[in-house]
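Welcome to this short tour. Open your viewer, get your selection tool ready, and follow along stop by stop.

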Amino acid sequence: MIKRYSYSPIIDTGAVVKNIPLSEGSPTPFILTGDGAFVYHMSDKCRIYGLGEATRGINKRGWIYDGWCTDEPLHTEDKRALYGAHNFILFDGEDRFAAFFDIPGKITFDLGYTESDTAVITPESFNLELYIVTGDSLKDIVSQFRALIGKSYMPPKWAFGYGQSRWGYVKEEDIRSCADRYTDAGIPLDMIYLDIDYMDRFMDFSVSSERFPDLEAFAAEMKSRGIRLIPIIDAAVKKLDGYSVYDEGHEQGYFCKDADGKDFVVGVWPGMSVLPDFLDPEASRWFGMQYKALTDIGIEGFWNDMNEPALFYSEKALNNAIEELKNKSDISLDALNFFGLRDTMNRLQNSPDDYKSFYHNAPEGRFRHYDVHNLYGYKMTKSAFDALTELRPDEPSLLFSRASYIGAHRYGGVWTGDNHSWWSHILQSLQQMPGLNMCGFLYSGSDIGGFGGNCTRDLLIRWMSFAVFTPLMRNHAAFGTRSQEAFAFGDTEVFRHIIELRYRLIPYLYKSFVKAVESDGMFFRPLAFDYEDDGIAATVEDQLMVGDSLMIAPIYRQNAVARHVYLPEDMRLIRMSKGDISTEELNKGWHYVSVPMGDVVFFAKSPIPFAPPAMNTSELQWENLETL
Ligand code: GLC
């Protein structure tokens with residue numbers, strides 16, 4: 001059952017697609033306090049699931065989180081928010097219920113942080129609709145919620161292949177040589193991603209004619225090898241007279257405005273830039289139609305980035321900071337002054353003051369960005385999705401985004417942004433997946449090998465062994481970091497076997513994914529969701545159910561060659577070792593499972609179909625498969 005409570009919302013976020021009548025009274029079991037907080041007293045056994053891609057465990061109890069889309073390049077445990085605002089939480093204790101706080105502005109979830117037995121949820125303003133969902137089981141609650149927010153995005157089949165990315169492939173030759181090295185090593189590959197360097201001066205929808213003299217011919221050449229090119233599109237548009245996207249948007253008034261009605265100018269990769277107003281349907285449609293420049297030359301998918309929106313600085317705040325520094329130039333540089341000066345610059349990035357100083361022109365009226373901040377990335381994804389559906393009506397396009405809000409799950413997937421080449425980030429990625437699935441984001445994954453920092457061979461092997469199961473399987477790394485492609489560490493055999501296993505499992509993964517979309521279910525589930533009466537299953541934080549038949553328990557510790565695995569029922573252990581598959585029956589309970597480097601081990605409740613190895617999804621056999 002779903003109850004809806006309305007507290008003077010100022011804008012229809014579009015997160016919800018089903019009409020639910022308004023309920024009267026208090027939103028039980030919360031108590032709404034006089035100072036505007038929703039309070040719930042938790043029993044000792046109460047667990048909390050949800051919050052999408054938020055950091056920390058599968059059970060979110062014990063920390064404080066913000067629903068606030070944040071460009072956060074360091075995903076450490078102290079962070080309260082990453083790129084998505086996914087305000088859905090599910091309490092499983094004396095009471096079992098979920099709450100969705102549909103609020104375009106900021107909201108804080110203190111989940112037993114200040115007082116360990118109390119959840120205090122505080123919206124910064126009451127532009128809010130609250131949905132309380134109750135049901136027969138954890139799965140039932142999630143699927144009722146998912147029916148409320150609408151069917152998840154369905155990517156093309158080839159998007160289940162493996163993709164290679166790197167911020168640092170700057171020219172056609174870099175991409176071709178990447179493809180060649182995969183082909184030479186016999187490692188399957190379906191996609192190579194183009195980061196901002198394919199553009200001319202980081203201008204959206206432009207292509208550098210120097211570095212990519214004929215992108216259309218190059219995309220066709222790659223496609224003939226079974227590899228699709230997937231370019232990035234950033235939210236901000238370079239402010240440059242003579243650049244048609246800027247000129248047109250400026251003339252039509254499609255960019256966000258400052259208090260004086262002038263285009264609000266910010267600094268991001270292209271330097272001084274302006275922000276398309278995705279809340280204005282006309283501007284949104286106009287921006288979406290710009291993708292035509294790339295679909296016309298054979299591009300079939302995109303990743304949307306920097307759409308929290310990330311602001312390195314605003315023109316105005318940067319000028320103020322420079323003035324401030326100039327005025328300070330005669331002071332002695334003692335330590336405090338040094339930190340003060342440094343903070344003046346650091347404070348410029350993603351500053352709340354900047355978010356408070358520009359405006360959107362939505363159908364409901366004019367809104368200060370800060371009050372509707374969480375909708376920006378979501379509406380960018382919708383803009384692209386709507387346009388791509390029109391531009392490429394016959395086939396789905398690949399689309400995923402960095403920033404998101406519930407609702408965006410209908411239009412694209414998400415990747416979890418700028419993680420690091422740290423062992424802890426394998427586990428973090430695993431723990432993010434079920435939360436994302438609850439909120440409808442089924443097509444998701446993390447940068448394999450880690451985005452920031454330097455990856456090692458063993459880290460990549462273990463990370464990939466987990467990512468074999470994530471719908472979005474993409475290796476991506478930051479500019480200036482060590483190479484981490486599957487061919488980068490000498491011996492390629494081990495990577496060939498792991499990626500080959502992914503392809504062998506695609507029919508199972510794809511079918512499970514489609515089922516999750518169609519049934520409003522979850523592709524990844526915490527064990528607690530399938531084994532509600534099993535007290536141990538509910539405490540397992542490093543294993544997941546994948547589809548109806550599989551359970552995974554990856555290795556995520558440096559130098560570990562075995563791990564404890566909990567089996568909530570009798571299962572078959574499936575082991576891929578040097579390309580060979582073997583199975584072993586195991587009984588319900590704890591096992592200490594050996595996983596030598598390069599082996600991939602997972603667990604099955606029922607027979608699993610395996611396709612023969614394939615070099616890409618177009619070669620993949622989908623029918624008459626061997627089951628093991
Ligand atoms: C952002 C993205 C990252 C990308 C980089 C350059 O940091 O999160 O994936 O490589 O920008 O475009």
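Helices (H or I, at least four residues) and strands (E, at least two) are DSSP runs, numbered from the N terminus. This is a predicted model, in which local features need pLDDT of at least 70, side-chain atom pairs count only at pLDDT 80 or more, and totals for chains, interfaces and linings use all residues. Residues are numbered from 1 along each chain as its sequence is written, and side-chain values use heavy atoms, with hydrogens and water left out.

Start by selecting Gly 36, in the loop between strand S2 (31-32) and strand S3 (38-41). Gly 36 is buried, at a relative accessible area of 13% (buried means under 20%, with a 1.4 Å probe and protein chains only). Leaving aside neighbours within four places in sequence, Gly 36 is in contact (heavy atoms within 4.5 Å) with Ile 121, Thr 122, Pro 123 and Phe 126.

Next, go to Gln 290, in the loop between helix H5 (281-289) and helix H6 (292-295). Gln 290 is also buried, with a relative accessible area of 15%. Beyond four places in sequence, Gln 290 touches Phe 205, Val 245 and Glu 248.

Finally, look at the nonpolar cores: sets of buried Ala, Val, Leu, Ile, Met, Phe, Trp, Tyr and Cys residues joined through side-chain atoms within 4.5 Å. The largest has 171 residues, and Phe 469 is among those with the most contacts inside it. Helix H14 (residues 493-518) gives this core its largest share, 15 residues. To finish, select Tyr 40 and Phe 91, which belong to a second, separate core of 27 residues.

Methods
Buried < 20%, exposed > 50% of the residue type's maximum accessible area, 1.4 Å probe, protein only.
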